[in-house]
Structure formats: structure tokens, C-alpha cells
Amino acid sequence: MDKKVLVAYASTHGSTQEVAEAVAATLRVHGLTVDLQPARDVRRLQDYSAVVLGAPLYMFHLHKDALRFLSRHQKALTGGLPIAIFAGGPIESGDGKTPEAGDVWQETRKQLDRELAKYPWLSPAAVEVIGGRFDPSGLRLPWSLIPAMRQMPPSDLRDWEAIRGWARDLAARLQPAASN
Ligand SMILES: Cc1cc2nc3c(=O)[nH]c(=O)nc-3n(C[C@H](O)[C@H](O)[C@H](O)COP(=O)(O)O)c2cc1C
């Protein structure tokens, strides 16, 4: 039987989960068998030929469920199991006219690279920054107490075409691994 690809995600407010669902759907359309699971529920990786891990950044750090996932599965991930990682996410686009607009994405990428550097053994096959979604009315404590955060406008910078395109490229790369 063909082996499966695992799409594991960490998500507090659901936006990364929705991206993980879109990634899983795209991989399936391209012929891969896919399991989609919250990262914190994954106990073993033996059944998989490749892993995609998605997580948001919060306060400069990758979601703790993703950090724990990487620590817990170090052995499998250093034993030849390919992993691709996507992370959100920028929630401010700037006005698109100033140089700062692109800086938000670059800053998220830097944060992500810093987080992944904590795992020197990790060698992802692909790393992608995706846009985030922000809803000030859904802020949790302690962030809901910070006026500057409450006053930020709602946003959703997830680019579904780009996300599906990334997953499509990934499907082509994972094809040989998934059919071993
Ligand atoms: C309190 C708070 C802190 C955040 N910190 C960061 C950050 O440090 N870097 C970043 O790129 N995005 C940051 N974001 C944006 C989130 O990554 C984005 O909203 C993401 O879509 C949330 O994912 P989720 O809905 O799956 O929980 C932050 C969002 C909130 C609400």
C-alpha cells in the first residue's frame, strides 16, 4: 500500500488550520493520500513517507504545538523522513507603496528562520511564509488588554492561489517519497 503524507498543524484562532486544510486538499487532488491532524495529537510518524507542518508565529515564536512536534519527532525527522514547513503570518500589508510593506514578510521569515535554527538537526525540504489573519474582536488575554492591539484593523493576508500553488509544487516533489 502507498504510504501517506501527514499534514500537521498548530493553530490558536483557526487560520493556520484552514491553510492546512487547503494544503491537504491540494495534495489529495494531485494523487497523494493525506492525513490531516493537529500537531499536538500526532504520536508517531512511522506510517508516513513525508510530513508537512504548518504553524503561526506568536510574539516572535512558532506556536508551541509546532515546537513540541519537532522535538518529539526528532528521531523520525533525522532518519530520512522529509518535512516541509509553512508558517504565518504577516497581518499588516503596509500601504503597498513604502519599502516597509515588504519588510513585514521579511521580518516574519527572519522570525521563522530563527525559530527553526533552534533545531540544528532539522533540514526541511521546503519552508514557506504564508499570510496571517487577524481579528481584534477575537483577541485573548493578555493581548486583549493592549489598546494598540485592539485598535489594529482586521486583516486576512492569506493568498489562496499562492498557497495552493505552493502545495502543488510540494505534491510534485513528494510524489516519489509517497509511493515508496
Ligand atoms: C497576539 C498576537 C501576536 C502575534 N505575533 C506575531 C509575530 O510575532 N510574528 C508574526 O509574523 N505574526 C504574528 N501574529 C500574527 C499571527 O501569526 C496570525 O494572526 C496567524 O494567522 C494566527 O494563526 P491562527 O489563526 O492559526 O492562530 C500575531 C498575532 C497575534 C494575535
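Q: Which residues does Leu-53 touch, if I skip the ones up to four places away in sequence?
A: In this predicted model, Leu-53 touches Ala-8, Ala-39, Ala-66, Phe-69, Leu-70, Ile-83, Ala-84, Ile-85 and Phe-86, with residues up to four places away in sequence left out of the count.

Q: And which members of the largest nonpolar core touch the most other members?
A: That core has 26 residues, and those touching the most other members are Leu-6, Leu-45, Leu-53, Leu-62, Phe-69, Leu-70 and Ile-83. At least two residues of this core come from each of strand 1 (4-9), strand 3 (48-58), helix 2 (64-72), strand 5 (83-88) and helix 4 (100-116), and strand 3 gives the largest share, with 5 residues.

Q: What lies apart from that core?
A: Another core lies apart from it, made of 22 residues, and among them are Val-5, Val-19, Val-34 and Ala-50. As a general point, nonpolar side chains in soluble globular proteins tend to be buried together.

Q: Switching to helix 1, how many residues does it have?
A: Helix 1 covers residues 15-29, which is 15 residues, and from its first C-alpha to its last it reaches 21 Å, close to the 21 Å expected at 1.5 Å a residue. Just after helix 1 comes Gly-31, which takes a positive phi of about 90°.

Q: Which residues in helix 1 are buried?
A: The buried ones are Ser-15, Thr-16, Val-19, Ala-20, Ala-22, Val-23, Ala-24, Thr-26 and Leu-27.

Q: Why does Ser-15 count as buried?
A: Ser-15 counts as buried because its relative accessible area is 12%, and the cut-off for buried is under 20%. Once neighbours within four places in sequence are set aside, Ser-15 is in contact with Arg-133 and Arg-158.

Q: OK, what does Arg-133 form a salt bridge with?
A: Its partner is Glu-18, and the closest N and O atoms of the pair are 3.3 Å apart. Arg-133 lies in strand 7 (residues 133-134) and Glu-18 in helix 1, so this pair ties together parts that are 115 residues apart in sequence. Arg-133 is partly exposed, at a relative accessible area of 32%, and Glu-18 also counts as partly exposed, at 32%.

Q: And Arg-158, is that buried or exposed?
A: Arg-158 is buried, with a relative accessible area of 9%, and its side chain meets that of Asp-156 in a salt bridge at 2.7 Å, N to O. Asp-156 is partly exposed, with a relative accessible area of 39%. Through salt bridges that share partners, Glu-18, Arg-133, Asp-156 and Arg-158 are joined into one network.

Q: How many salt bridges does the structure hold?
A: The structure holds 11 salt bridges.

Key:
Residues numbered from 1 in each chain as written. Predicted model: local features only at pLDDT ≥ 70, side-chain atom pairs only at ≥ 80, totals over all residues. Heavy atoms only, no water. Core = buried A, V, L, I, M, F, W, Y, C linked by side-chain atoms within 4.5 Å. Buried < 20%, exposed > 50% of the residue type's maximum accessible area, 1.4 Å probe, protein only. Helix = DSSP H or I, 4+ residues; strand = E, 2+ residues; numbered from the N terminus. Contact = heavy atoms within 4.5 Å. Expected span 1.5 Å × (residues − 1). Salt bridge = Lys/Arg side-chain N within 4 Å of Asp/Glu carboxyl O.
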